[in-house]
Structures are given as C-alpha cells and as structure tokens.
Amino acid sequence: MSHPTEPPQPYDPALTDLPPVEAPSAGFIVQLFVIPAVIVAVVIVVWLLFGKLAGGERDAMEYVRLLRSPNAHWRAAYELASLIQNDPKLANDPKLLGELTDLLAHDLDLAESPELTQYVTLTLGAFQTLDARSPDGRDVDPLAILSRALEPKQPPQVRLAAAISLAKHAARLDDHLEDAGAIKALDVASEDENQELRQAAVYSLGFFGGDQAARVLRDRLKDVDCYVRYNAAIALGRRGDSESRGVLREMLSSTDLNKTITLSSPTEKHSKIEAIELEALQALQLSVDHKSPGLAESLRPEISSLSKSGLVSVRNRSLALLKSLPDSP
C-alpha cells in the first residue's frame, strides 16, 4: 500500500553538521513496528470483547438466552429486532425464528409481562422467512403463534404488536399469503371496540390474499372510524375492487376530508389530508398497473379535480394517474 509523501523541508545549513544516518537495525524495526502492532491488536480484541459483553455486539442467541431468563427485559427484544432487521442472514435463520416463536408461545402461556411479550411479538415481524424450527428440531408455525397473540384475552399492546407483525409478513409476500387462521384472528380483531386495534387489523388484512380477507375488508368499509374505512378502501382499491369506490371518493375529496379529519393542529390536519389523498391515488395507480383500470376510470372526475390541487405532491400523482388511464371515448 502506498503512503503519502511529506513535502520537502526547507534547507537548513545547521543540518550539515549532523552525523551520518545509519540504516536501522532489525531489533529497532521490531521495537518500532511489530511490538506496537501487537499492542494495537490486543487492544482491539479487548475492545471488541468488552463491547460484546456490554451489549453492543451481542450474539443473537445470547439475546434469546437473556429473554428466557427470569430477569428478562423488553429492551433485549427491542435490540434483537434491530439486529435482525440489519442482518439478512439472521432475518432468514429458521433456528432463530423457531427459538423466538417457542419463546412467544411460552410468554403467552405465562402472561406475566405484557410489555416483554409485546416486544417479543414485534421481533417475529422482523424476519424475512416463515420457515421456523423449534429448539428440539420440530417445524413450528410463527403465524399460528401470532394469531394466538391476537386473541381477545391477550393484552391490547400484545394484540396490536401481533397485527403489525402479521402485516409485515403478509406485505413481504405481496398479497400471496392466505393463512386462514391469521385471517380469522384479524377478522375478530377488526371488530374490537379498540379503534387503534381495528385500524391495525384492517391494515394487516389488506396485505393478505384470498376471498376471505377481501370479504372482511368489504365489511370494514362501513366502520364508524374513518381510518378503519380508509385502510379497507386502500387495500381493496389496490385490487381494483369496485366496492371501495364510495370510500375512495371521500378520500379524494379535500372538502369531505376537511370535515371528517378532526385534528386540533391545522398543520397536522393539512398533512394528514395530503397523506390520505396520496394513499388513495397510489392505490388506484397500483390497480391500473395491474391491468384493472375500471375503478380508477369511475373516479376520473375526482382525480382530475386533484390534478389542480395546490399540493405539488398530490397534483403530480394525480396527473401521472390520469396519464396512465385509457383515453376517454
């Protein structure tokens, strides 16, 4: 490896009186380079070791052991989820997923620490696979355990975490996941009195494929909570389902949204309306891209109106959607 050369020093006549320079001995070289290198290497090893012990670089299985201990803390599950999300190898590890699936089942049975169970549930959503093996080598089903976590007897935060983790797996599989147990659990959750849970359950169902999920989504178009309705309409709109037309029309109307969205901060309300309009337009764009332009065609007047919006993002997306529609006769 080349080293940068230093600029020549100014000539100093006094230097001519110095003794002649001799070549360094082998012992001097060893002292100057080899010994410091060994010291540096030792320091690095010690730093890595203490860093690992301090929790900065814990092994994934070490986190599992911590989570199985009597003094387990939710922070360990949070750190493990972050580790999995940033390491594709861990995210596709059947043994690790099996360990955590088994751990979640155990936590659900004990029902001792809702907060810890919540974060273990969220950790299952960080994986990029559903292939899981238990510690004794048996195949286990993460979806079945996540569905258990959605049961009404579980704490609200655990049920919400289960809906989020199911959404991540279903979204990753691009509408090809049709697990009857998970859909049934989400169906029950989508009718819960807790509106935040209903919103998350419907959002999750939107990524599941099959007629059963679509049926539940159509039922939720009539929910009293606008965000539950909007989540259902977006999911059905992506598929070009005409049942979503009425709610999508509301989502494409700034006037209607201004009446429906009740946020005290004008800035937050403005941002929320923009986000809803963009989501509706994106759903319709996906339906057109998947060769189902009928729904978007039926909403052309609303889309055309938004193409004149004062919001640049909404205006541009509306114009792009209009361009992708077949020419009007």
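**Exercise 1. Helix H10**

Task: Which residues of H10 are buried in this predicted model, and what covers them?

Solution: 
- Step 1. Buried means under 20% relative accessible area.
- Step 2. List the residues that pass. In H10 they are Leu197, Arg198, Gln199, Ala200, Ala201, Val202, Ser204 and Leu205.
- Step 3. H10 spans residues 195-205, and eight of its 11 residues are buried, so H10 is largely enclosed by the rest of the structure.
- Step 4. Look for the cover. It includes helix H8 (156-172), H9, H11 and helix H12 (226-238).
- Step 5. Check the start of H10. There, a side-chain oxygen of Asn194 comes within 2.9 Å of the backbone nitrogen of Glu196.

**Exercise 2. Helices H9 and H11**

Task: Are H9 and H11 roughly parallel or roughly antiparallel, and which residues make their contact?

Solution: 
- Step 1. Locate the pair. H9 covers residues 180-189 and H11 covers residues 211-220.
- Step 2. Read the geometry. Their axes come within 10 Å and cross at roughly 10°.
- Step 3. Apply the rule. Angles under 35 degrees count as roughly parallel. Therefore H9 is roughly parallel to H11.
- Step 4. Name the contact residues. H9 supplies Ala180, Ile183, Lys184 and Asp187. H11 supplies Gln212, Ala213, Arg215, Val216 and Arg220.
- Step 5. Sort them by class. The contact of H9 with H11 has four nonpolar, one polar and four charged residues.

**Exercise 3. The whole chain**

Task: How many helices and strands does the chain have, and what percentage of its residues is buried?

Solution: 
- Step 1. Count the elements. The chain has 18 helices and two strands.
- Step 2. Turn to burial. Of the 329 residues, 41% are buried.
- Step 3. The chain exposes about 18,600 Å², with 56% of it supplied by carbon and sulfur atoms.
- Step 4. Check the contacts. Among those between residues at least 6 apart in sequence, 63% join residues at least 24 apart.

Methods: Residues numbered from 1 in each chain as written. Predicted model: local features only at pLDDT ≥ 70, side-chain atom pairs only at ≥ 80, totals over all residues. Heavy atoms only, no water. Axes fitted to C-alpha atoms, helices over the stretch in contact; angles between N-to-C directions. Helix = DSSP H or I, 4+ residues; strand = E, 2+ residues; numbered from the N terminus. Parallel < 35°, antiparallel > 145°, perpendicular 65-115°, else oblique. Contact = heavy atoms within 4.5 Å. Nonpolar A, V, L, I, M, F, W, Y, C, P; charged D, E, K, R; others polar. Buried < 20%, exposed > 50% of the residue type's maximum accessible area, 1.4 Å probe, protein only. Polar contact = N/O pair within 3.5 Å; in protein donor to acceptor, adjacent residues only side chain to side chain. Areas by Shrake-Rupley, 256 points an atom, 1.4 Å probe, with all protein chains shown as cover.
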